[in-house]
Amino acid sequence: MVMGKHGAALLALVLASALVGLAAGGNFYEECDATWEPQNCWAYDDGNRLSLALVSNSSGSMIRSKKQFVYGTVSTMIQLVPGDSAGTVTTYYTSSLGDNHDEIDYEFLGNVTGQPYTIHTNVYADGVGNKEMQFKPWFDPTADYHNYTISWAPCMIVWYIDGVPIRAFRNYEASHGVAFPTSQPMYAYSSIWAAEDWATQGGRVKADWSKAPFVASYHGIDLDVCECYDGGCAAGCAAAFGGGSSGRYCSLSGAQVGKMQWVQSNYRIYDYCADPKRWINGQKPVECDLAQY
């Protein structure tokens, strides 16, 4: 593993605020459907484990939760493609349907053997993203399973790895006009697919198809969410998950903030807030100067 002196403490940290009392638990048989290339997806261990395979540049696989929801946490353990994973992308994300969709992303961009994955995060609201933040892992994500969690509440979104918050995105829509996903029901997804034109070193390194199939493995899934199948239930879900600006879903503890700052200081490799080439009309996005936790 590649860890600094605080690595053991980071990996030992657990989520301080587990979301309970709504729809939760279950295995892949119960919670998910294979929605793309199901022949490349197989569950085993009574549905508690699952593998997704990429076998060619046009044949990967995808699963989608059976539930739609507004707010909650989605969590799974993933062991990423080992060895030479250049040109591959493994994803874990939530998304609504339609052109003006909302989405909260984890994308894991493969690399050549011995080089680290890139952990890519983003958030879309009403079809607009451009809020990328990327990290290199402080561990080997191919040697064992690691927990990846997306927590979506009315006040903020938090991305966690092994219980460590790596990024937060606070809701400033009402106060500053920053778009935030609030009402479109989402599904949870995971997939593996080929992205040779951009995934590894800007597309310079392609997939070595002699190494196929490329397989990502999963262990357990937890959807602790407020089920919602149309926008009319969004208000009730907001109340269930703390619609105000305070409460258990709306803040991180001091210890969590410290861990997140440690990760961002040592392992963040890209931040849209620090990339003027991406700013519209040369203006830094307003949320970049606002507290996110």
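1. Let me start with the lining of the largest cavity. Its residues are Phe28, Cys32, Ile63, Arg64, Ser65, Thr76, Tyr92, Ala188, Tyr189, Ser190, Tyr218 and Ile221. Sorted by class, the lining comprises eight nonpolar, three polar and one charged residues. Please keep in mind throughout that this is a predicted model.

2. Where do the residues of that lining sit? Strand S4 (61-65), strand S13 (187-194) and strand S14 (214-227) each provide at least two residues of the lining. The volume of this largest cavity comes to about 70 Å³, and the structure holds one cavity of 30 Å³ or more.

3. Now to the annotated positions. UniProt, in an unreviewed entry, places the feature "active site" at Glu103 and Glu107. Glutamate 103 belongs to strand S7 (residues 103-109), and glutamate 107 is in strand S7 as well.

4. Is glutamate 103 buried or exposed? Its relative accessible area is 12%, below the 20% cut-off, so glutamate 103 counts as buried. Leaving out residues up to four places away in sequence, glutamate 103 touches Tyr93, Thr94, Ser95, Asn122, Val123, Tyr124 and Met186. Its side chain also makes a polar contact of 2.7 Å with the side chain of histidine 101.

5. Glutamate 107 has a relative accessible area of 14%, and therefore it is classed as buried too. Which residues does glutamate 107 contact, leaving aside neighbours within four places in sequence? They are Val89, Thr90, Thr91, Thr118, Ile119, His120, Trp193 and Trp198.

6. Aspartate 46 is not a glycine, yet it has a positive phi of about 55°. This residue is found in the loop between strand S2 (41-44) and strand S3 (49-54). With a relative accessible area of 63%, aspartate 46 is exposed.

7. Aspartate 126 is found in the loop between strand S8 (118-124) and strand S9 (133-135). Its relative accessible area is 46%, so aspartate 126 is partly exposed.

8. Finally, the chain as a whole. The secondary structure comes to five helices and 15 strands. Of the 293 residues of the protein chain, 54% count as buried; glutamate 103 and glutamate 107 are among the buried residues. Among contacts with a separation of 6 or more, 70% are between residues 24 or more positions apart.

Methods:
Residues numbered from 1 in each chain as written. Predicted model: local features only at pLDDT ≥ 70, side-chain atom pairs only at ≥ 80, totals over all residues. Heavy atoms only, no water. 1 Å grid on protein atoms, 1.4 Å probe; cavity = no way out; pocket = protein on both sides within 12 Å on 5 of 7 lines; lining within 4 Å. Points joined across faces, edges and corners; volume = space filled by probe spheres on them. Helix = DSSP H or I, 4+ residues; strand = E, 2+ residues; numbered from the N terminus. Nonpolar A, V, L, I, M, F, W, Y, C, P; charged D, E, K, R; others polar. Buried < 20%, exposed > 50% of the residue type's maximum accessible area, 1.4 Å probe, protein only. UniProt positions renumbered as here; feature names shortened; annotations may be inferred. Contact = heavy atoms within 4.5 Å. Polar contact = N/O pair within 3.5 Å; in protein donor to acceptor, adjacent residues only side chain to side chain.
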